[in-house]
Amino acid sequence: MFQTGLSKEQRVRLIALTRLAVKNFNGGDWQALGAYTGCSDIVTNHDRLLRSLSFGDDDYSGNAHGVIFSIAERDPANVGIIEQFITEHYGEPDPVTIGENVSTAHSKGRKIIFSPSVFDVPDGEVENDLIAVMTPFAPQFESVFEAITFAASQTSFRTLRAKDIWQYSAVIQDVFSLIFRAHIVVCDFTGKNPNVFYEAGIAHTLGKHVVPITQSEQDIPFDLRHHRYLSYLSNREGLDDLSSALNQRFKSLR
């Protein structure tokens, strides 16, 4: 297995430092950091970093994380140089405690702190009125989304789907960001859609209130059948019943 040489603690520290860099760095800071670490080529050859900084593009944070981790992974000794450069210029960053700060469910027992390697951690906080809706991307689920949205509006929540936002160049980063910010995540397992399974796993890992729904109990994965879920029919009466059931569930999660 390929090893980068960075410990879990170093990765968590680098995320915190990069957040501080994103808030404060200008182009000269990036050039100086590249020179100090002997990695000027990583900075100057990156096709998006300085451009996204200059134009204030949404992917700037992701580009910054990618560059700093590339510098650190080229030589783990660069972690200390990165830390010294950023803290001397801009002070200490806020700590990253993923798994405690983003969880909205009351969890018992041990808590974990982790640093995702596939996603960038969004800068925002959990939005207590936000419900993330995860359904297959198919026209027949528009009426299901409308039923969920109606139930949400009756309980002072609002709904969002990843298909309705475009903040990042990678779709999965939009998905992760939406789940990260949501108070509740509704997952429709109808049709055993693998994307919804993946998204439910992210939501469970982040400690979200996950509300499973389905048109067929056979579509609920075996590992999740011990959790309560809502079954519904896709006709008008069935969707009205779904809205009513979700209304009660959402009220209990306020």
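Q: Why is glutamate 73 called partly exposed?
A: Glutamate 73 has a relative accessible area of 32%. Buried means under 20% relative accessible area, exposed over 50%, and partly exposed in between, with a 1.4 Å probe and protein chains only. The value of 32% therefore makes glutamate 73 partly exposed.

Q: What is the model, and how are residues numbered?
A: This is a predicted model, in which local features need pLDDT of at least 70 and side-chain atom pairs count only at pLDDT 80 or more, while totals for chains, interfaces and linings use all residues. Residues are numbered from 1 along each chain as its sequence is written, and side-chain values use heavy atoms, with hydrogens and water left out.

Q: What makes glutamate 73 and arginine 11 a salt bridge?
A: Their closest N and O atoms are 3.0 Å apart. A salt bridge needs a side-chain nitrogen of Lys or Arg within 4 Å of a carboxyl oxygen of Asp or Glu, so the pair qualifies. Glutamate 73 is in helix H5 (residues 60–74) and arginine 11 in helix H1 (residues 8–24), 62 residues apart; helices (H or I, at least four residues) and strands (E, at least two) are DSSP runs, numbered from the N terminus.

Q: Is arginine 11 buried or exposed?
A: Arginine 11 has 18% relative accessibility and therefore counts as buried.

Q: Why do arginine 48 and aspartate 59 tie together separate parts of the chain?
A: The two side chains meet in a salt bridge at 3.1 Å, N to O. Arginine 48 lies in the loop between helix H3 (40–45) and helix H4 (49–55), and aspartate 59 in the loop between H4 and H5, so the pair joins parts that are 11 residues apart in sequence. Arginine 48, at 24% relative accessibility, counts as partly exposed, whereas aspartate 59, at 16%, counts as buried.

Q: Why is strand E4 described as largely enclosed?
A: Six of the six residues of E4 (residues 209–214) are buried, so the rest of the structure largely encloses this strand. His209, Val211 and Ile213 are buried on one side, and Val210, Pro212 and Thr214 on the other.
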